[in-house]
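Please look over the sequence and the model shown below.

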Amino acid sequence: MEFSIKSGSPEKQRSACVVIGVFEARKLTLPAELIDHAASGYLAEIVRRGDMDGKAGSTLLLHDVPGTLCDRVLLIGLGKEKEFRDQAYGAAIRCAVKALSETGASDGTLFLTEIAVKKRSSAWRIRQAAIVAQEALYRFEQFKSKKDQVRHPLRKLTFAVERRGELAPGEEALAQGLAIAAGVALARTLGNLPGNVCTPAYLAETAQQLAKEHSLDCQILEREAMEALGMGSLLSVAKGSVQAPKLIVLHYRGGRQDEKPQVLVGKGITFDSGGISLKPGAEMDEMKFDMCGAASVLGTLKAIVQMKLATNLTVIVPSAENMPGGAASKPGDIVSSMSGQTIEILNTDAEGRLLLCDALTYAERFKPATVIDVATLTGACVIALGHVASGLFANDDGLARDLLHAGDEAQDRAWQMPLWEEYQDLLKSNFADMANIGGRAGGAVSAACFLSRFAKKYDWAHLDIAGTAWKSGADKGATGRPVALLAHYLMARAGKLN
Ligand code: BES
Ligand code: MN
Ligand code: ZN
């Protein structure tokens, strides 16, 4: 798909389709009024008859509208003007792109990007439009023998801006949006791949490929190297599987040489059966998504590299498969982590934290500015926050604030949960320094508390994406969250967000 930005009036566009918005209560947006004027009241009459009432999600396709140079005009209902905020804007773009791709038009010019959104700049509207459009057009059909044939594929999208002065910032925002969209697509595809394809070795190859394409530093640590480092906790997770564990490390150096790196750590369990503490059968297939944290940090890296952001970024992916083989960890086993702290494994299904804790200790050697881990860590987080917000925990309030803000900017939101000392008691073990579970109550918090014990030497945040990384049901599939949040966080830190 080709994208561009343009300023000019809607009635003068030589486009296969011009897309304009209509608010509820029959209120035409300014571009719609311009077309209506050129067409001597043609749109107003259609709206008056009730064929387009402006309800959010409604669409109406018109052909050969008098006074225009385009083949088609697509009207998009925007809902109530007063309620037209971030979310309604994203929904309107999504609706427009989906409707457009079902017409015969091979290109479209969207005037929805000209509509004011409270507190948002024109650059924000363009960036979001690019992300949402690519998200709406994403397909994952590599395992379907008959591909969904699109008869008239959309080849070009143009976003309109009101003033010529908005063109330059719009171009930069468009490039950022497309880079983020590419990262989101990578994360979705890795997430959607089945566990028999996307193994720890597959993730390692993907990382090496990324490194080759963009000349990044990439290192894959094998079992022996991890043994030498004393990563007994991480390695214990892989013992029940025939798939060898991998520790993937990637460095992007786009910032000053002396600038400390931002470090992202992603949980890469390529299938989580629960191990000896086996999960129930229902929906167990969805545990192929247990590497979505890994997918999201690789996706974020792709976005940052593609937009050539002036920052130093290190990505660490500890990866393994959690299976109940003969050599698997058993409840009651005690392992020793790289930090020296010992862990009693009371439930082999709480494997994410066992894997991540050693990766967090390993991160120390990079003298990080901040460390953010991303993990489909707990079912309890889904109970707490549902599928809307990711759970955010941090040992530094400034970092938490920056991440919440980035999530808001990116429309990929998180919500902060407590990490108070009182919760640490949940992890008491009679036999080791700590247990790997803290009971049902406050399950997302005790998991974060566990990780916090390995993140004492730097500013750290943890995103529990168990509820946001994928969708179940008819739309089952990875979402690519929180790539947009993380990319916006890094862009803001580099002073590249406007
Ligand atoms: N990967 C799961 C978390 C998960 C479960 C994510 C369901 C999304 C949906 C994780 O490894 C896990 O199994 N966690 C356990 C922890 C418990 C044993 C303390 C859980 O949440 O049940
Ligand atoms: Mn598990
Ligand atoms: Zn898991």
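## Cavities

In this predicted model, the second largest cavity is lined by Ala187, Arg188, Cys292, Ala295, Ser296, Ala469, Ala478, Gly480 and Arg481. A cavity here is a set of points, on a 1 Å grid over the protein atoms alone, where a 1.4 Å probe fits but cannot get out, and lining residues have an atom within 4 Å of a point. Its volume is about 40 Å³, a volume being the space filled by probe spheres set on the points, which are joined across faces, edges and corners. The helices α5 (167-192) and α9 (292-306) each supply at least two residues of this lining, and α9 gives the most, with three residues. By class, the lining of the second largest cavity has five nonpolar, two polar and two charged residues, where Ala, Val, Leu, Ile, Met, Phe, Trp, Tyr, Cys and Pro count as nonpolar, Asp, Glu, Lys and Arg as charged, and the others, Gly among them, as polar.

A search of the whole structure finds two cavities of 30 Å³ or more. The largest cavity holds about 80 Å³ of space and is lined by 13 residues, with Ser236, Val237, Asn322, Ser329 and Thr348 nearest its centre. Its lining divides into six nonpolar, six polar and one charged residue.

## Backbone features

Arg481, one of the residues lining the second largest cavity, is joined to Pro482 by a cis peptide bond, with omega near 0°. Pro482 is found in the loop between β21 (477-478) and α14 (483-493); helices (H or I, at least four residues) and strands (E, at least two) are DSSP runs, numbered from the N terminus.

Ser215, in the loop between α6 (200-213) and β8 (217-221), has a phi near 40°, a positive value in a residue other than glycine. Gln411, in the loop between α12 (397-410) and β17 (414-416), likewise has a positive phi, near 55°. Ser215 counts as exposed at 68% relative accessibility, while Gln411 is partly exposed at 26%; buried means under 20% relative accessible area, exposed over 50%, and partly exposed in between, with a 1.4 Å probe and protein chains only.

## Aromatic pairs

The structure holds nine aromatic pairs, in which rings of Phe, Tyr and Trp (its six-membered ring) have their centres within 6.5 Å, planes under 30 degrees apart counting as stacked, over 60 as edge-to-face and the rest as tilted. The rings of Phe23 and Phe84 have centres 5.5 Å apart and planes at 85°, so this pair is edge-to-face. The pair links distant parts of the chain, 61 residues apart, with Phe23 in strand β2 (residues 18-23) and Phe84 in the loop between β5 (72-77) and α3 (86-101).

Phe84 also forms an edge-to-face pair with Tyr89, at 6.3 Å centre to centre and 85° between the planes. Phe23 is buried at 4% relative accessible area, Phe84 is buried at 4%, and Tyr89 counts as buried at 1%. Phe23, Phe84, Tyr89 and Trp124 form one aromatic cluster.

## A sheet of three strands

An open sheet has the strand order β13-β14-β18, with mixed pairing, two strands being paired if DSSP finds at least two bridges between them. Because β13 (334-336) and β18 (434-435) each have a single partner strand, they stand at the edges, and one side of each is left without a neighbour in the sheet. β13 pairs with β14 (residues 342-344) in the antiparallel sense over three bridges, and the bridge partner of Ser336 in β14 is Thr342.

## Reading the values

Residues are numbered from 1 along each chain as its sequence is written, and chains are lettered from A and ligands numbered from 1 in the order in which they are written. Local features need pLDDT of at least 70 and side-chain atom pairs count only at pLDDT 80 or more, while totals for chains, interfaces and linings use all residues, and side-chain values use heavy atoms, with hydrogens and water left out.

Key:
On a 1 Å grid over the protein atoms alone, a cavity is a set of points where a 1.4 Å probe fits but cannot get out, and a pocket is an open set with protein on both sides within 12 Å along at least five of seven lines; lining residues have an atom within 4 Å of a point.
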